[in-house]
Amino acid sequence: MFVERRINQATGTVELWRCQWENRPGIAAKKVFLSKIDDEQPPSTELAQASEISAICWSYGRTLGNIAVLSPSLLGEFPGKSGDDAQLPCDFVNAGRFRNGANRWWCRTHQTHWGIKADLESFENLGEMRCANHSQPMNYVVSPLAINVNDYAEVGIWCSMPASFSTRKIEPRPPRIHVHVRPEAGGKKTIDRDYSALSVLYTDKMGLFRSHDITRVNVTPPAAFEFVCALEEKRALDCINCAHCGYPHLDLGDFARKSHRKHFCGNCGRDNTWSKHEIVSTPLKPLHDQFAKTLKYETPERILDLGEYENCDYTIWASTPAVIWTAKRPQEFGIHVHVHDGQTRVVDDTFGSVILHGEPLDRASLISSMIAKTII
């Protein structure tokens, strides 16, 4: 038994059919279409409690959920407002053929191919197509924050990582997305907090991607983390569109740690896209460049000696490059410090130099420590 694609001449849709070869003595082998499985494109509704809601899903090390999206809605089972236990049905699209000539499908939801012997055996037993990763739980946030950058004078979006040093216990954790929003330039912040994930909205007239249907980019923790690490380590960053489906490509995990020319598409499962030069590809790059009024950084002249706050608690981070920075002033490149006297925060600023136990802190070492405490 094998699975083949078949065009329905009446509707024009591509259907998936269960087939087998009929072999009779003296007659050429004939392909027999036994039964229709499903139409190729629409997602399966195998989850009993599945519903379509506005949500962002992601998985570390995979381009799950597709960072640039055509629709804010996802079909799945979401136990709460956010968590790491969402279940989403498979969404298959044809991805060419295996080397043996058999049709190959790609599950866009769970990021794996379908069509090998084990998949066919599973289909025989279950009567439905399920990829090998179909039961994988995903991180999610329901009704995520959506920001139209053009609605505000200043927007800053960063990858939030655990602190490097603190007098209080630092728990390793996954990255988050930190957001500053100012309705007026240099004015009071109306948003200043961490989010699990968020969407950035823009007009298709900007031409950020080959597909003009894409008018939002989901900023997920793994994508923001890899983007910031690439900026810090000065890797060549760009955004390449898939040669087959035109979807913007996102590198995560090992693929984001080393520049390369051949790129595997998480939207259609094909690997025939080549960049002119070795790069790390991310849709956050055109977003970062488009909204930046300046890409300059400056090291503040401010100096902090923590010896002056001996009876206070402190927490220290290295400042990191913003994913999005729309202010006209340069970003500050230094060391960010919070100092608390009891419950009162007496210091909350970025410094060019911070003295701890009589020695200046090294920003590069702080970055390394923050990355080491980040769970991905």
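Guide: Happy to! Let me begin with the residue classes: Ala, Val, Leu, Ile, Met, Phe, Trp, Tyr, Cys and Pro count as nonpolar, Asp, Glu, Lys and Arg as charged, and the others, Gly among them, as polar. Sorted this way, the lining of the largest pocket holds 18 charged, 14 nonpolar and 13 polar residues. Please keep in mind that this is a predicted model.

The largest pocket has a volume of about 1,300 Å³, and 45 residues line it. Nearest its centre lie H178, H180, H336, H338 and D348. Which strand gives the most to the lining of the largest pocket? That is β13, with six residues; this strand covers 154-160. At least two lining residues each also come from β15 (176-182), β16 (191-195), β24, β26 (331-332), β27 and β28.

Some of those strands belong to one sheet, so let us look there next. Four strands form this open sheet in the order β14-β24-β27-β28, and the pairing is antiparallel. Its edge strands, each pairing on one side only, are β14 (165-166) and β28 (344-351). Two bridges link β14 to β24 (residues 313-318), again in the antiparallel sense, and here F165 stands opposite I316 in β24. Helix α5 (residues 363-372) lies across β14, β24 and β27 (335-341). The angle between α5 and β24 is about 95°.

A second open sheet has three strands in the order β23-β29-β30, this time with mixed pairing. At its edges are β23 (303-305) and β30 (359-360), each of which pairs on one side only. Strand β29 (residues 353-356) meets β30 in the antiparallel sense over two bridges, with I355 opposite P360 in β30.

Turning to the strand β4 (residues 51-58), we find two antiparallel partners, described here one by one. Four bridges join β4 to β6 (residues 73-76), where I53 stands opposite L74. Four bridges also connect β4 with β11 (residues 138-142), and in that pairing W58 stands opposite N139.

Finally, a word on aromatic rings. Two rings of Phe, Tyr or Trp pair if their centres lie within 6.5 Å, and the count comes to seven aromatic pairs. In one of them, the rings of W106 and F264 have centres 5.1 Å apart and planes at 65°, so the pair is edge-to-face; the cut-off for that label is over 60 degrees. W106 lies in strand β9 (residues 103-107), while F264 sits in the loop between β20 (260-263) and β21 (273-281), so the pair ties together parts that are 158 residues apart in sequence.

Technical notes
Residues numbered from 1 in each chain as written. Predicted model: local features only at pLDDT ≥ 70, side-chain atom pairs only at ≥ 80, totals over all residues. Heavy atoms only, no water. Pairing = 2+ DSSP bridges. Contact = heavy atoms within 4.5 Å. Axes fitted to C-alpha atoms, helices over the stretch in contact; angles between N-to-C directions. 1 Å grid on protein atoms, 1.4 Å probe; cavity = no way out; pocket = protein on both sides within 12 Å on 5 of 7 lines; lining within 4 Å. Points joined across faces, edges and corners; volume = space filled by probe spheres on them. Phe/Tyr/Trp six-rings, centres within 6.5 Å; stacked < 30°, edge-to-face > 60°.
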